[in-house]
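Keep the 3D view open as you read.

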Amino acid sequence: FSPVYSNAIAITPDGKTVLTADYFAGKINQFTFNAEDGTLAFVKAFYVMPARPVNIAISPDGKTAIGISANGYNHPVFAITDAGVEFKGNVTLAHKSGQSCVFSNDSTKAYLLSNSVYYRAMVEVMDVTGPGQVVASGVSITARPKKGTSQLFGVDTIALDPNGEYLYVANPTVSGGVQRIAIIDLTINQQVNYVQGNGIPTGIAFGTISD
């Protein structure tokens, strides 16, 4: 197939479905992955304009995907089933300019980092009630210090600790970024501490250790 521009990528846990984001064309691309020869096969493109996706996240159960749009308040949502990928519409959040999203370990919650000019770093909490069924919970959590107002392409700047109790929020951009990584306690939906980093921390993730 012809080259498909992508500025972010996410893969389902079973390794069979690959979704990528195209900020400039306003679309999410679907591929299938062949584990035997390591090739991708293009399936289709979902046009989600006026959303401009800079990132994409897939739930741990592999049934829901959210495209994170850098403009506006709407973020495209997809259901992933045995029948394929289906665009389910948009989830509308209270604050604009998204950059990263992470799901809870049980796939029933999603946390999206936005950084609008007026509100700066905010974590929007969403409820996930089924495959591709995502609604705003009405909870927005402030992450401080302020962390700039643009968005990196495809860099995951928010992470959930392995126990699913704390969110760690780094910089969604370099311009205006800060050294501190915010720590949010999800039992009270409030920032409780921070990690003093070096330089401007952006991407963040927790590793796993096998027994």
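## Terms and model

Strands (E, at least two residues) are DSSP runs, numbered from the N terminus. This is a predicted model, where local features need pLDDT of at least 70 and side-chain atom pairs count only at pLDDT 80 or more, while totals for chains, interfaces and linings use all residues. Residues are numbered from 1 along each chain as its sequence is written, and side-chain values use heavy atoms, with hydrogens and water left out.

## The largest pocket

Rolling a probe the size of a water molecule over the atoms shows where empty space is left. Here a 1 Å grid over the protein atoms alone and a 1.4 Å probe are used; a pocket is an open set of points with protein on both sides within 12 Å along at least five of seven lines, and lining residues have an atom within 4 Å of a point. A volume is the space filled by probe spheres set on the points, which are joined across faces, edges and corners.

The largest pocket has a volume of about 640 Å³. It is lined by 25 residues, and Ile58, Cys101, Val102, Phe103 and Asp156 are the closest to its centre. Two or more lining residues come from each of strand 1 (8-11), strand 5 (53-58), strand 9 (98-103) and strand 13 (158-160). Strand 5 gives the largest share, 4 residues. The lining divides into 18 nonpolar, 5 polar and 2 charged residues. Nonpolar covers Ala, Val, Leu, Ile, Met, Phe, Trp, Tyr, Cys and Pro; charged covers Asp, Glu, Lys and Arg; the others, Gly among them, are polar.

## The second largest pocket

The second largest pocket has a volume of about 230 Å³. Of its 15 lining residues, Asp14, Lys16, Thr17, Ile80 and Thr81 are the closest to the centre. At least two lining residues each come from strand 3 (27-34), strand 7 (74-81) and strand 8 (84-92). Strand 3 gives the most, with 3 residues. This lining holds 4 nonpolar, 7 polar and 4 charged residues.

An open sheet of 4 strands runs in the order 5-6-7-8, with antiparallel pairing. Two strands pair if DSSP finds at least two bridges between them. Strand 5 and strand 8 are the edge strands, each pairing on one side only. Strand 5 pairs with strand 6 (residues 64-69) over 5 bridges.

Ile68 is found in strand 6. Is Ile68 buried or exposed? Ile68 is buried, with a relative accessible area of 0%. Buried means under 20%, with a 1.4 Å probe and protein chains only.

Note on methods. Buried < 20%, exposed > 50% of the residue type's maximum accessible area, 1.4 Å probe, protein only.
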